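Here is a short briefing to read alongside the structure. Take a look at the fold, then follow the points below.

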Amino acid sequence: ELLRLGANLDRWRWLPRDLGDDYLLVRLAAFELDWIRGGVHQSSRRVIVGEPFRRTPSFASQITDIVVYPSWHVPASIARDELLPRARDDARFLRSSGFHVFRQARPVELNRVDWRDRSQTQGLAFVQAPGGSNPLGEVKFNLKNPFAIFLHDTPSPALFGGDERDLSHGCVRVEQAVDLARGLLAGGRGEARFESLLVAHKTGVVSLQRPLPVFFIYWTLDVVDGQLRRLTDVYGEDAQLIEAWRLATATAQTRSWNESAAP
């Protein structure tokens with residue numbers, strides 16, 4: 001247990017010493033998101049994170065804008081592994097689900113594709129229109145990162161009722177995401193535009209007045225009401241971090257530094 005505690009304390013060291021007064025903290029192993037404004041905790045809400053084989057990484061970024069009624073640009077891996085096999089069985093689901101298909105940015109007519117011919121389906125890009133079964137729901141929070149990860153709403157809120165919420169392809173689904181967007185935009189220039197787009201069911205981008213830091217962190221221990229809470233290590237990262245420690249302290253130089261730093 002001490003080794004696990006040490007691993008989680010080490011994860012603290014990966015964060016800036018001062019997170020600032022305004023930020024979001026996504027606690028991946030707890031499946032929770034905290035909103036801090038003016039140094040005061042505003043709310044916590046449940047999230048859905050990546051499956052173990054499509055894990056959501058730990059990283060820091062900034063939310064720059066919010067997309068209302070976003071289209072879903074399907075990642076190539078999901079198109080290859082999920083959409084194309086379904087289309088080979090019944091291509092009608094693409095049209096009924098609001099998918100548009102492109103080749104080199106040019107539209108492709110669905111009924112002109114032989115979905116069983118791999119030479120015709122290679123290189124196709126899929127975009128799902130807003131609404132309906134679009135997995136992004138009503139809002140998407142854009143943030144720059146090399147992993148193509150973002151926060152978004154979902155049309156399936158019942159999934160937040162489960163205890164283990166490692167269910168996504170990597171992006172983070174946020175409970176009551178529209179409420180969170182309203183809170184982030186409250187009192188700013190984009191507030192009225194956000195509401196008008198939402199009411200009109202129109203797609204549009206609303207910029208935040210200033211970028212909002214967001215931290216994705218994987219703690220498998222935390223404290224609730226003064227009590228230590230042990231969380232499931234859904235990504236199996238604790239053992240890897242503890243082993244990295246063991247290797248790092250295996251040299252005489254590192255042992256000497258640790259001994260000299262000890263109180």
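This is a predicted model: local features need pLDDT of at least 70, side-chain atom pairs count only at pLDDT 80 or more; totals for chains, interfaces and linings use all residues.

Residues are numbered from 1 along each chain as its sequence is written, and side-chain values use heavy atoms, with hydrogens and water left out.

**Overall fold**

- The chain holds eight helices and 15 strands; helices (H or I, at least four residues) and strands (E, at least two) are DSSP runs, numbered from the N terminus.
- Along the principal axes, the C-alpha atoms fill a box of roughly 70 × 50 × 30 Å.
- Of the 263 residues, 43% count as buried; buried means under 20% relative accessible area, exposed over 50%, and partly exposed in between, with a 1.4 Å probe and protein chains only.
- Among contacts (heavy atoms within 4.5 Å) between residues at least 6 apart in sequence, 64% join residues at least 24 apart.

**Salt bridges**

- The model has 18 salt bridges, each being a side-chain nitrogen of Lys or Arg within 4 Å of a carboxyl oxygen of Asp or Glu.
- One of them pairs arginine 11 with aspartate 238, at 2.9 Å from N to O. Arginine 11 sits in helix α1 (residues 2-13) and aspartate 238 in helix α7 (residues 237-248), so this bridge ties together parts that are 227 residues apart in sequence. Both arginine 11 and aspartate 238 are buried.
- Arginine 210 bridges to aspartate 22, with the closest N and O atoms 3.4 Å apart. Because arginine 210 belongs to strand β13 (residues 204-217) and aspartate 22 to the loop between α1 and β1 (23-27), the pair ties together parts that are 188 residues apart in sequence. Arginine 210 counts as exposed at 56% relative accessibility, while aspartate 22 counts as partly exposed at 22%.
- Glutamate 237 and arginine 55 form another salt bridge, their closest N and O atoms being 3.3 Å apart. Here helix α7 contributes glutamate 237 and the loop between β3 (40-50) and β4 (59-68) contributes arginine 55, so parts that are 182 residues apart in sequence are tied together. Glutamate 237 is buried, at 17% relative accessibility, whereas arginine 55 is partly exposed, at 33%.
- A network of salt bridges links Arg27, Glu32, Asp34, Asp222 and Arg229.

**Nonpolar cores**

- In the largest nonpolar core, which has 59 residues, Trp115, Phe126, Phe141, Leu151, Phe194 and Phe216 touch the most other members. A nonpolar core is a set of buried Ala, Val, Leu, Ile, Met, Phe, Trp, Tyr and Cys residues joined through side-chain atoms within 4.5 Å.
- Helix α5 (residues 177-185) supplies the largest share of this core, six residues.
- Leaving aside neighbours within four places in sequence, phenylalanine 194 contacts Ile66, Val68, Val139, Val178, Ala181, Arg182, Leu185 and Val206.
- A second, separate core of eight residues includes Ile36, Phe215, Ile217 and Trp219.

**A buried arginine without a salt bridge**

- Arginine 165 is found in the loop between β10 (151-152) and β11 (166-168).
- Arginine 165 is buried yet has no salt bridge, and the nearest side chain of opposite charge, aspartate 163, is 5.3 Å away; Lys and Arg count as positive and Asp and Glu as negative, with His and the chain ends not counted.
- The arginine 165 side chain does reach the backbone oxygen of valine 47, at 3.1 Å.
- Beyond neighbours within four places in sequence, the contacts of arginine 165 include Ala30, Phe31, Arg46, Val47, Leu159 and Phe160.

Terms used. A polar contact is a pair of N or O atoms within 3.5 Å; within protein, one must be able to donate a hydrogen and the other to accept it, and residues adjacent in sequence count only if both atoms are side-chain atoms.
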